[in-house]
Amino acid sequence: MRTPMIAGNWKMNKTPAQTKALIEDLKKMQNRCGAELVVCPMTVSLAAASEALKGSNIHLGAQNVHFADNGAYTGECNADSLKELGVEYVIIGHSERRQYFGETDVTVNQRSLKALEAGLKPIICVGESLEQKQQGITKEIVCMQTKVALLNVGAQIENVVIAYEPVWAIGTGLTASPEEANATIAAIRGAIREVFGAAADRVRILYGGSMNAKNAHDLMAQPEIDGGLIGGAALAAEKFDGVVNFN
Ligand code: PGA
């Protein structure tokens, strides 16, 4: 009932020319498992990506969006510009944004509301730190992050994607076990259900954190895991292929 999604978060990698080259390779890839595919290049590479993706069924995502329409926000990017470039999705609140750029649950909510208002679909990232995991408060942390991020989202909940990314698993080679990730994602869905009722069953919740060709099958086999947000393994066509064709 929920279409799986595999999204590549390219982070601060791939110039516009490299973006075009990687997309040309991705367009040759099969998609045997039928997941919706998304690539999220750097802001400066979005125009090249949009052009290269024409005629393909790979969707385009950005890595951030500002919460104001426009104005004195040096270095930021507004939703209208992303729309104009053909962007459909936008990653919001990635742990690297929270860690290095002062992103908070409140600004994640503001950015998500602006994205939705502009017709962009946010991929909202939540996840616990290693310390929080060791304290046994993973579910409390991710449920609170989710509820704050979704404040005032209302009927637009259907256009939201959540990515559960344990911070300790990002870029480290460590992954949550499939069962552990499934249980945390079930808790996140429970938190969404408390606020939005049955619509929670239509919200896609992805897993992210060192997902690759080796572990994708077992993660995707879990009933609550609706796909993956892929960092390192999204930067080369053959690696991404291994995740996309996980069966
Ligand atoms: P990773 O990154 O796959 O390299 O761990 C995932 C992410 O940060 O979205």
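1. Ser-210 is found in the loop between β7 (204–208) and α9 (216–220). Helices (H or I, at least four residues) and strands (E, at least two) are DSSP runs, numbered from the N terminus. The phi of Ser-210 is positive, about 55°, although Ser-210 is not a glycine. At 17% relative accessibility Ser-210 counts as buried, where buried means under 20% relative accessible area, exposed over 50%, and partly exposed in between (1.4 Å probe, protein chains only).

2. On the basis of the values: this is a predicted model, in which local features need pLDDT of at least 70 and side-chain atom pairs count only at pLDDT 80 or more, while totals for chains, interfaces and linings use all residues. Residues are numbered from 1 along each chain as its sequence is written, and side-chain values use heavy atoms, with hydrogens and water left out.

3. Which residues come nearest to the ligand? Of the 13 residues around the ligand, they are Lys-11, His-94, Glu-165, Gly-171 and Ser-210. A residue is near a molecule or strand if one of its heavy atoms lies within 4 Å of it. By class, the shell has 4 nonpolar, 7 polar and 2 charged residues. In this scheme Ala, Val, Leu, Ile, Met, Phe, Trp, Tyr, Cys and Pro count as nonpolar, Asp, Glu, Lys and Arg as charged, and the others, Gly among them, as polar.

4. A polar backbone atom of Ser-210 is 2.7 Å from an oxygen atom of the ligand. For Gly-171, a backbone N or O atom lies 2.7 Å from a ligand oxygen atom. Asn-9 uses a polar side-chain atom, which lies 3.5 Å from an oxygen atom of the ligand. Taken alone, the ligand exposes 280 Å², and the protein buries 95% of that. Accessible areas come from the Shrake-Rupley method with a 1.4 Å probe; for residues, only the protein chains shown count as cover. A polar contact is a pair of N or O atoms within 3.5 Å; within protein, one must be able to donate a hydrogen and the other to accept it, and residues adjacent in sequence count only if both atoms are side-chain atoms.

5. The space taken by the ligand is the second largest pocket. A pocket is an open set of points, on a 1 Å grid over the protein atoms alone, where a 1.4 Å probe fits, with protein on both sides within 12 Å along at least five of seven lines. A molecule sits in a pocket if more than half of its atoms lie within 2 Å of its grid points.

6. Arg-98 is found in helix α4 (residues 95–100) and is buried, with a relative accessible area of 18%.

7. Lys-114 has its place in helix α5 (residues 105–118). At 10% relative accessibility, Lys-114 counts as buried. Its side chain is joined to that of Asp-69 by a polar contact of 2.6 Å.

8. Asn-152 is a further residue to check for backbone geometry. Phi of Asn-152 is near 65°, a positive value in a residue other than glycine. Asn-152 is found in the loop between α7 (138–149) and β6 (161–164). Is Asn-152 buried or exposed? At 68% relative accessibility, Asn-152 counts as exposed.

9. Ser-45 lies in the loop between β2 (36–40) and α2 and counts as buried at 0% relative accessibility. Ser-45 and Ala-62, 17 residues apart along the chain, have their C-alpha atoms separated by 9.6 Å. Ala-47 is placed in helix α2 (residues 46–53); with 43% relative accessibility, Ala-47 counts as partly exposed. Between Ala-47 and Leu-82 there are 9.2 Å in space, C-alpha to C-alpha, and they are 35 residues apart in sequence.

10. Ile-58 is found in strand β3 (residues 58–62) and is buried, with a relative accessible area of 12%. The C-alpha atoms of Ile-58 and Ile-23 are separated by 9.1 Å, the two residues being 35 residues apart along the chain. Ser-177 lies in the loop between β6 and α8 (178–196) and is partly exposed, with a relative accessible area of 29%. For Ser-177 and Ile-205, 28 residues apart along the chain, the C-alpha separation is 16 Å.

Conventions: On a 1 Å grid over the protein atoms alone, a cavity is a set of points where a 1.4 Å probe fits but cannot get out, and a pocket is an open set with protein on both sides within 12 Å along at least five of seven lines; lining residues have an atom within 4 Å of a point.
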